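Biologist: Could you take me through this protein slowly, one question at a time?

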Amino acid sequence: MGVEWGHYIAPGKPQQNAFVESFSGHLRDECLNEHLFPSLASARRIIEAWRTDYNTVRLHRSLGERAPAEFTNRSRQGHMNTEVKL
């Protein structure tokens, strides 16, 4: 049993995975370049706080300038309010 490659990104071609490159750029610019990490525990705490903010509070252009939490809640409400007619 082996692992098959679903999608191969050629060396030196990061633009082939723009979503990861975008996320990595935001993480680097907004978190890693802004903080000094005196310990591993400190780094974990600061990065987790940034990740939580990024995934729940901050607005994302790809979600229509909505926060992921808001986008998820509206999507769920839309599914719950949909009636099935027979």
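**Helices and a loop**

Modeller: Gladly, and please keep in mind that this is a predicted model. The protein has three helices and zero strands.

Biologist: Which residues of helix 2 are buried, and how are they placed around the axis?

Modeller: Helix 2 has 17 residues and reaches 24 Å from its first C-alpha to its last, close to the 24 Å expected at 1.5 Å a residue. Its buried residues are Ser42, Ala43, Trp50 and Tyr54. They cover an arc of only 100 degrees around the axis, so they lie on the same side of helix 2.

Biologist: Which residues are exposed on the other side of helix 2?

Modeller: Buried means under 20% relative accessible area, while exposed means over 50%. On that other side of helix 2, the exposed residues are Arg44 and Arg45.

Biologist: Where is Glu65 found, and what is its phi?

Modeller: Glu65 is found in the loop between helix 2 (40–56) and helix 3 (68–80), and at 47% relative accessibility it counts as partly exposed. Most residues other than glycine have a negative phi. Glu65 is not a glycine, yet its phi is positive, at about 60 degrees.

Biologist: What share of the 86 residues in the protein is buried?

Modeller: The accessible surface of the protein comes to about 7,500 Å², of which 57% belongs to carbon and sulfur atoms. Of the 86 residues, the buried share is 13%.

Definitions and conventions:
Residues are numbered from 1 along each chain as its sequence is written. This is a predicted model: local features need pLDDT of at least 70, side-chain atom pairs count only at pLDDT 80 or more; totals for chains, interfaces and linings use all residues. Side-chain values use heavy atoms; hydrogens and water are left out. Helices (H or I, at least four residues) and strands (E, at least two) are DSSP runs, numbered from the N terminus. Buried means under 20% relative accessible area, exposed over 50%, partly exposed in between (1.4 Å probe, protein chains only). Accessible areas come from the Shrake-Rupley method with a 1.4 Å probe; for residues, only the protein chains shown count as cover. The expected span of a helix is 1.5 Å times one less than its number of residues. The arc is that of the directions from the helix axis to the C-beta atoms.
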